[in-house]
Amino acid sequence: MVKFSKELEAQLIPEWKDAFVNYWQLKKHVKKIKLSRKPKQPQQVDRDFGLSIFDPIRSMVKKVAGKFRKSASSTDIMQVRRRACMDMEDGEEEEEEEAEHEVYENELVQLFSEEDEVNVFFEQLNEELNKVNWFYQSREDEFLERGDALNKQLQILLDLKQILADRRQKNSQSFRGASGGASLRSSWPSSTRTSSFSEAPTELLETPTETSETDDVIAAFERNGVSFVGAAARLKTKSNGKPKMTMRIDIPATTPTRMITAVTSMLWEDLVNNPRKDGPADFINRKKVQYAEKMIRGAFVELYKGLGLLKTYSSLNMMAFTKILKKFDKVAKRQASTSYLKEVKKSHFISSDKVVRLMDEVESIFTKHFANNERKKAMKFLKPQHNKESHMITFFVGLFTGSFVTLFSIYAILAHIAGIFNPSTDMGYMETVYPVFSVFTLLSLHLFMYGCNLFLWKGTRINHNFIFEFSSSTALKYRDAFLMCTTIMTTVVGAMILHLLLRANGFSPSQVDAIPGVLLLISFAVLVCPIDIFYRSTRFCFIRIMRNIVFSPFYKVLMVDFFMADQLTSQIPLLRHMESTACYFLAGSFKTHQFETCKSGRLYRELAYVISFLPYYWRAMQCARRWFDDCDTIHLANMGKYMSAMVAAGARITYARQPDHLWFGVVLVTSVIATMYQLYWDFVRDWGFLNPKSRNPWLRDELVLKRKSIYYISIALNVVLRVAWVETVTGFRPGAVESRLLEFFLASLEVIRRGHWNFYRLENEHLNNVGNFRAVKAVPLPFREMESD
């Protein structure tokens, strides 16, 4: 049977861990009570008996107390009181709001010497109950406020969709030649007239339509108490002197199209200061309404998820109170749980039914408006099912791992017999086969490190799916990552053995050397395959993220986007191998075996700089976009880090071609500056370390791993791997084969360093979420109310 403490640790919400009942601390108090009630040793009792003259009185009191305990064994040993506590909230000076909370206190009915620990236990229990109540009520108020805002947003959306439907109907009837065209609604839902939107003019942006249709839309709003004005127009005051409010559709510029449209709109509003006199300059746009509907639907899903978490929070804490009081009853031989649990059940986090009612309301609204009244379809969005882990995946991981080890051993033997790595051997193999297989090997190593990250994140309860905004039903698990890694390596080593065997049996070199190209084509076909096989959701997610990275800064930058861009900065050797391989096959060098075609050309030399700069450029553009969205100068400082890395990478490439003293000094200066910049950002910004005031010296206050020594070892390891560029300026010039192997070894070390960096980067992000109790994504709402100038 699993202990409740382990069950609670496995089921609690990681981001709300500090708000749960501290069950482990309460267990320690119960243990102290148990130790305090143990009888004294006989020798100690005899010695005390001979020294005290009040022993007859003490023995009489003990007898009376024993009788009283027997008579009270079926009664309560404590009384619980509730008193109201008014907490002043920080807010406006003129209108200060007061929130009333229940604070629990208790008085022990039986006060004996052994009950001192009992008193401490119940004081701690009261503190935990008050903490749970306060947190539950604060989250409940937050979700109720979200629900009210979403209901209002949904009402506006329904009104706008009805306007579009009526206008479409009117256009169709006028096209058919109907004598009387369909008019817009003359009456609006009562909820709109009574809500706060009845005095809020709605501003609808985008492409122009016919003037008469727009005027009809405006007239329909105004007949129902909704004023409509243009973006550039200044709102007039109402008859009572209060300024009007304007409602705008605020769609985040997450794509290049929306980004360009938003910038154009801002420039247009700045240039055009004289709006039309006969009406607004902005019009209804159906596509924008569809974006708004998608945003509201996502907000409802997140609201439902948060309500479900709060419901789980309530049930787990109730179970924790029940379990700890049962432990106390067993140790103290009292029936304290009866009276205390009555008060716990009356407390707000148990007695309140607002969360359940709001969940039912969200289900009905979502089913009606977003699932065509199909409850099963609605629950697929609201409660996505988790895929069960299959033992077949574990089986295939073991199978492919054993196959890879066996095939690699065979390849090593065949390569030694064929003399592939001898300096006197023709370098054709290293020029044709090595770059392709290095690409797959480095990719597999990165997948292996990511699988290790997934395994560690799961073991330490780091909610990486929430941080990356992955769907729990389709997110990659560590077994899946290991399966992909072992499958790729088994296939690659098998192709390498086939290449050696065909080469040894006298096949044409042009035919044999086409094997790496065929392997690349098959891999690309699997990546873009639209059929739902081979982790289609993961493949398409990867393609979408790469698209966002390549077209930076036009796409809004999410956590997963810049996380993946950071991975690319560690895979520059892989990108350069892909470039040389593409040149080799596109130029037809695999037929002529003229390897210098892709080595000595001017275009190739310039592409070497481009390939080395691109990952840093993409990451710098992401920082610029985040600065544009958040207006936080810290992103500009982060962009400077990647600019310095670009300069250092370019200097090292130039020094490799012109190894003179001038470029040696340039490489040394630029690389030292870039390395110091990167180390500072790794430790301070990405990992949250090097805090001199931390209770964990030079780390951070909160740590996920129990052993602090691991963090210090990780800091030292990261420093060592960051300075691997020193090899490029040492003047060490190995042979052609050794140079290729050394290059691959250094590239592998950088991949390992990045996988090592990934764990602490997400650990720091997770602890930031825990510190802010952030367990649900905040979805922006499309309709924004703003006061006029």
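User: What share of the contacts in the protein with a separation of 6 or more is between residues 24 or more positions apart?

Analyst: In this predicted model, residues 24 or more positions apart account for 77% of the contacts in the protein with a separation of 6 or more, where a contact means heavy atoms within 4.5 Å. The protein has 28 helices and five strands, and of its 789 residues, 41% count as buried.

User: What makes a residue count as buried in that percentage?

Analyst: Buried means under 20% relative accessible area, and 41% of the 789 residues count as buried. The accessible surface of the protein comes to about 43,500 Å², with 59% of that area belonging to carbon and sulfur atoms.

User: Why is Lys 3 called exposed?

Analyst: The relative accessibility of Lys 3 is 57%, and the cut-off for exposed is over 50%, so Lys 3 counts as exposed. Lys 3 lies in the segment before α1, the helix of residues 4-11, and Lys 3 is also one of the residues that form a positive surface patch.

User: Which other residues form the positive surface patch, and which helix gives the most to the patch?

Analyst: Together with Lys 3, the patch is formed by Lys 6, Lys 27, Lys 31, Lys 34, Lys 323, Lys 326, Lys 327 and Lys 330, and the patch is called positive because Lys counts as positive. Both α2 (23-36) and α9 (286-332) supply at least two residues of the patch, while α9 gives the most, with four residues.

User: Why are Asn 372 and Asn 373 called exposed?

Analyst: Asn 372 has a relative accessible area of 61% and Asn 373 has a relative accessibility of 59%; because exposed means over 50%, Asn 372 counts as exposed, and so does Asn 373. Asn 372 is placed in the loop between α12 (354-370) and α13 (375-382), and Asn 373 is found in the loop between α12 and α13 as well.

User: What is noted about phi at Asn 372 and at Asn 373?

Analyst: Phi of Asn 372 is near 55°, a positive value in a residue other than glycine; for Asn 373, phi is near 65°, which is again a positive value in a residue other than glycine.

User: Where is a cis peptide bond found, and what is its omega?

Analyst: A cis peptide bond, with omega about 10°, joins Ser 552 and Pro 553. Pro 553 is found in the loop between α20 (536-550) and α21 (559-569).

Technical notes. Residues numbered from 1 in each chain as written. Predicted model: local features only at pLDDT ≥ 70, side-chain atom pairs only at ≥ 80, totals over all residues. Heavy atoms only, no water. Patch = residues over 30% accessible without salt bridge, like charges linked within 9 Å, V, L, I, M, F, W, Y side chains within 5 Å. Areas by Shrake-Rupley, 256 points an atom, 1.4 Å probe, with all protein chains shown as cover. Salt bridge = Lys/Arg side-chain N within 4 Å of Asp/Glu carboxyl O. Charge placed at Lys NZ, Arg CZ, Asp CG, Glu CD. Buried < 20%, exposed > 50% of the residue type's maximum accessible area, 1.4 Å probe, protein only.
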